[in-house]
Amino acid sequence: MGQFYYSIKAFDVLERLDPDPEFWDGKRGAAIGLFQQVVAGQETREKLIEVISMLRNTSNPQVEFFINVMKKWGEENGYNF
């Protein structure tokens, strides 16, 4: 467990050092993977909160869509992000 969490942390650092689109792809995939694990009850809400803050550091226009989906799911399931 935790592979998506550590992947997004690594891709976040890489993306800050070099804004290569491949780093965004990796960060996006790791974020979605962690979100799926939270939905399945295999990861914690705290890690999802941290992922949302890492996504906010991205200038890619897709990031708002992902954050909105995660927040909407959280509201529907009793979480406040």
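## How the model is read

Because the structure is a predicted model, local features need pLDDT of at least 70 and side-chain atom pairs count only at pLDDT 80 or more, while totals for chains, interfaces and linings use all residues. Residues are numbered from 1 along each chain as its sequence is written, and side-chain values use heavy atoms, with hydrogens and water left out.

## Overall build

The protein has 4 helices and 0 strands, and from the N terminus on its elements run α-α-α-α; helices (H or I, at least four residues) and strands (E, at least two) are DSSP runs, numbered from the N terminus. The radius of gyration is 12 Å, close to the 12 Å that the globule rule gives for 81 residues, so the protein is as compact as a globular protein of that length. This radius is taken over C-alpha atoms, and the globule rule is 2.2 Å times the number of residues to the power 0.38. Along the principal axes, the C-alpha atoms fill a box of roughly 35 × 25 × 15 Å.

Of the 81 residues, 36% count as buried, where buried means under 20% relative accessible area, exposed means over 50%, and partly exposed lies in between (1.4 Å probe, protein chains only). Among the contacts with a separation of 6 or more, 57% are between residues 24 or more positions apart, a contact being heavy atoms within 4.5 Å.

## Helix α2

Helix α2 covers residues 21-39. Its 19 residues should span 27 Å at 1.5 Å a residue, and this agrees with its end C-alpha atoms, which are 27 Å apart; the expected span is 1.5 Å times one less than the number of residues. At the start of α2, a side-chain oxygen of Asp 20 reaches to within 2.9 Å of the backbone nitrogen of Glu 22, and just after the helix Gly 41 takes a positive phi of about 80 degrees.

The buried residues of α2 include Phe 23, Trp 24, Leu 34 and Phe 35, and what covers the buried residues of this helix includes α1 (3-17), α3 (45-56) and α4 (63-76). Gln 37 also lies in α2, and it counts as buried because its relative accessibility is 6%. Leaving aside residues up to four places away in sequence, Gln 37 touches Met 1, Gln 3, Phe 4, Gln 42 and Glu 43.

## Salt bridges

Side chains of opposite charge can pair when their charged atoms come close. A salt bridge is a side-chain nitrogen of Lys or Arg within 4 Å of a carboxyl oxygen of Asp or Glu, and by this rule the count comes to 6 salt bridges.

Lys 27 forms a salt bridge with Asp 12, with the closest N and O atoms 2.7 Å apart. Because Lys 27 lies in helix α2 and Asp 12 in helix α1, the pair ties together parts that are 15 residues apart in sequence. Lys 27 also forms a salt bridge with Glu 15, where the closest N and O atoms are 2.9 Å apart, and this pair links helix α2 to helix α1 across 12 residues. Lys 27 counts as buried because its relative accessibility is 0%, and Asp 12 is buried as well, while Glu 15 counts as buried at 14% relative accessibility.

Asp 25 and Arg 28 form a salt bridge whose closest N and O atoms are 3.2 Å apart, and both lie in helix α2, 3 residues apart, which is about one turn of the helix. Asp 25 counts as partly exposed at 39% relative accessibility, and Arg 28 counts as partly exposed at 25%. Salt bridges that share partners join Asp 12, Glu 15, Arg 16 and Lys 27 into one network.

## The nonpolar core

A nonpolar core is a set of buried Ala, Val, Leu, Ile, Met, Phe, Trp, Tyr and Cys residues joined through side-chain atoms within 4.5 Å. The largest such core has 18 residues, and those touching the most other members include Ile 8, Ala 31, Leu 34 and Met 70. Each of α1, α2, α3 and α4 supplies at least two residues of this core, and the largest share, 6 residues, comes from α2.

Note on methods. A polar contact is a pair of N or O atoms within 3.5 Å; within protein, one must be able to donate a hydrogen and the other to accept it, and residues adjacent in sequence count only if both atoms are side-chain atoms.
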